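Visitor: I have a model open here and would like to walk through parts of it. Could you take me through some of the packing and the backbone?

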Amino acid sequence: MTATQTHCPYCALQCGMTLTPRIPGVRLEPAEFPTNRGGLCAKGFTAADLLDHADRLLTPLVRKEPGNRDSPLREASWEEAYGLIAAKIRESQDRFGRDSVGAFGGGGLTNEKAYALGKFVRVALRSSAIDYNGRFCMSSAATAANRSLGIDRGLPFPLADVAEARTVLLVGANPADAMPPSMQYLDAGRAAGAKHIVVDPRRTNTANGAHLHLQPLPGTDLALANGMLHIAIREGWIDEDFVKDRTEGFAAVKAATNAYWPERVERMTGVPERRLRETVRLLATEQPSMILTARGAEQHSNGTDTAQAWLNLALALGLVGKPYSGYGTITGQGNGQGGREHGQKADQLPGYRRLDDPAAREHIARVWGIDPDELPQPGVSAYEMIDRLGTDGGVRVLWVLASNIAVSAPHSTHVIDRLKSLDLLVVSDIFLSETAELADVVLPTAQWAEEEGTMTNLEGRVIRRRMALPPPPLVRTDLRVIADLAEILGRGEHFSADPRTVFDELRRASRGGIADYHGITWERIDDEQGVFWPCPSEDHPGTPRLFAESFPRPDGRARFIRVEHRDAAELPDGTFPYVLTTGRNMQQYQSGNQTRRVKALTVALPEPRAEIHPDLARRHGIADGDLVELRSRRGVATLRARLSDGIRPDTVFAPFHWPGANALTNPALDPHSKMPAFKVCAVTIALADTPEGTTTR
Ligand code: SF4
């Protein structure tokens, strides 16, 4: 039996693995790849369990009574499903205009699929209505990096560089749970004497091994960063040469930090002044140093400015562009990086081009063989699109791919209402997710091990996803479905179902863009264990490390941007006195549509646990293991309590992998990135009087 080298279907580490067909199923083994070096986490080890899972969708489904979502789903042929979809698209666009039909993509789609989906919406539907779940993931750090550094590549250096840094500041990041094999680099650094500081309201597994753990009140990270910059300025730790030669705008930022004196920052954040000072001292004097942020810092209604504040600190200390040093953000979803580069964002064309840029429109229209005037203008962001579903001027026919927004979007009860109001909901998935359960048409799609394509990992390394076995007979790849529907809609000549053909077109489309893949070929990826973008030509080596010489901005300089603390969009008060913050468990991935079906993972963690400090629990008569009811202004969720003195007494943590946590969360959006405020909302807590199990209402 032939072994196939491929990568894990889950997170952005994209660990290498080997699949060998056997009867039945496949044998999955970890592979030596530069990111995981033979490591896998429990999710990766069990990923193949889903290939022949009993819940697998094997044929299209439609409602027994068309238009009645209370009627059961029944099996249908592809022709019947396509016929229903095409008829509704035509009817809706005739009655309500082109933008009444749209698509919602995902950061798990391959580069080819993300590219083809963006093109499908613009060319076949001629609609502006497309966005994706990466808006809920990476958008704040991406916006900050674009405006300050001129480019958004999560890590501007290979992950292995982390092991060489003497000081690493991790802000709102918990790789020990989210991507355990990555810890080998942090562990190696610690073994060599590196000092690590973790900023997190919870004492996570990552924080447990750190030199310092700072526990700010959720929503105050920006003040923390500005306070550290204040100290760095006062102590004379600014890299004056770097600031003068390679940046602009420092004077305004310096002036702003005057107001963030340590005593005030301690009051705002709850982090003792001496810990602030020690953190800055290490970053400034024990170099090389890195500052890495993740969703804990970014999923806020001021997430862009918060990421910027950490970037400002990294620039002021002269960390960026130096060996084993710098600022980075840790991408979450499997193709969270590539998925945000090639056109499934509302305002974007492939290659990280802007849809409102006439030169970009001209270039892409030429590659696509259409008139630039055919391209729609930018649409609205993910939550804005969801919020308007089924309304006048909103989308009425929606196709959702690789996303389970009924669980993963904020204020999920409202999201479910909006999905139910659609004239037609089409969901492509491998299982009947909570979103697919609401659909009029469900399309079964091929899994990771059944398709070819490319992904771009958290380092900006473009890698190959390889097919180890064919999909079940009636299951189709998303690329095939996109090409089929385009054909039915009369634009078939612009689309291909062949991933290599699509990738070669993507290469041409990205040429000259910020995310330039032009020089990357499948052969090079095979020979070089992935190729780092930007890679403008086939004789270019790719770019593992960015910013050594200059920044890709018009003047070559990085830009400081003055940012000020703003209160979270919703603060605790007398009625809702505690802060809820949401996050991840080691055993689950994203909305759990896949991992909640893996027996080994559910045995290890059968249900979500609300993490509560013993002092808070005592106040409400809650014991470990009790069912507790969390209530916000938007909804209610019932979870089992896990008492931990590692969390702040004013904060409750709930994982978002099950329905529940997002019934509570606040959809207030960051004005720049349109990121919802997943990490802070105000809640009450009480012993539940509901029967066993997690509920939302
Ligand atoms: Fe690696 Fe992430 Fe897969 Fe775990 S989930 S094996 S860390 S890629």
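Guide: What follows is a conversation about selected helices, strands and loops of this model.

Visitor: What should I know before we start?

Guide: This is a predicted model, in which local features need pLDDT of at least 70 and side-chain atom pairs count only at pLDDT 80 or more, while totals for chains, interfaces and linings use all residues. Residues are numbered from 1 along each chain as its sequence is written, and side-chain values use heavy atoms, with hydrogens and water left out.

Visitor: Where does β12 sit, buried or exposed?

Guide: Buried here means under 20% relative accessible area, exposed means over 50%, and partly exposed is in between, with a 1.4 Å probe and protein chains only. Both faces are covered, with Ser289, Ile291 and Thr293 buried on one side and Met290 and Leu292 buried on the other. Helices (H or I, at least four residues) and strands (E, at least two) are DSSP runs, numbered from the N terminus.

Visitor: And which strands pair with β12?

Guide: Strand β8 (residues 167-171) pairs with β12 in the parallel sense over 5 bridges, and Leu169 has Ile291 as its bridge partner in β12. Strand β13 (residues 326-329) also runs parallel to β12, joined by 4 bridges, with Thr293 opposite Thr329 of β13. Two strands count as paired if DSSP finds at least two bridges between them.

Visitor: What about the peptide bond from Gln287 to Pro288?

Guide: That bond is cis, with omega near 10°, and Pro288 is placed in the loop between α12 (273-285) and β12. The bond from Trp533 to Pro534 is cis as well, with omega near -5°, and Pro534 lies in the loop between β21 and β22 (558-559).

Visitor: Since you mention β21, what is the strand order in its sheet?

Guide: The sheet is open and has 3 strands in the order β19-β20-β21, with antiparallel pairing. Its edge strands, each pairing on one side only, are β19 (453-456) and β21 (531-532). Strand β20 (residues 461-465) is joined to β21 by 2 bridges, and Arg461 stands opposite Phe532 in β21. Helix α3 (residues 111-124) packs on this sheet and touches β19 and β20, its direction making about 95° with that of β19. Contact means heavy atoms within 4.5 Å.

Visitor: How does α3 pack against α19?

Guide: Helix α3 and helix α19 (residues 478-488) pack at an angle of about 15°, with their axes 10 Å apart. Axes are lines fitted to C-alpha atoms, for helices over the stretch in contact, and angles run from 0 to 180 degrees between N-to-C directions. The two helices are therefore roughly parallel, given that angles under 35 degrees count as roughly parallel, over 145 as roughly antiparallel, 65 to 115 as roughly perpendicular and the rest as oblique. Helix α3 passes α19 in a left-handed crossing; a crossing is left-handed if the near helix is turned anticlockwise from the far one by less than a right angle, and right-handed if clockwise.

Visitor: Switching to loops, where is Lys674 and what does it touch?

Guide: Lys674 is in the loop between β28 (666-669) and β29 (676-677), and at 26% relative accessibility it counts as partly exposed. Leaving out residues up to four places away in sequence, Lys674 touches Arg135, Ser381, Glu384 and Leu669. Lys674 and Thr304 are 370 residues apart in sequence and 9.2 Å apart in space, C-alpha to C-alpha.

Visitor: What is phi at Lys674, and what is it at Arg37?

Guide: Lys674 has a positive phi of about 65° although it is not a glycine. Arg37, also a residue other than glycine, has a positive phi near 45°; Arg37 is in the loop between β3 (26-30) and α1 (42-45) and counts as partly exposed at 44% relative accessibility.
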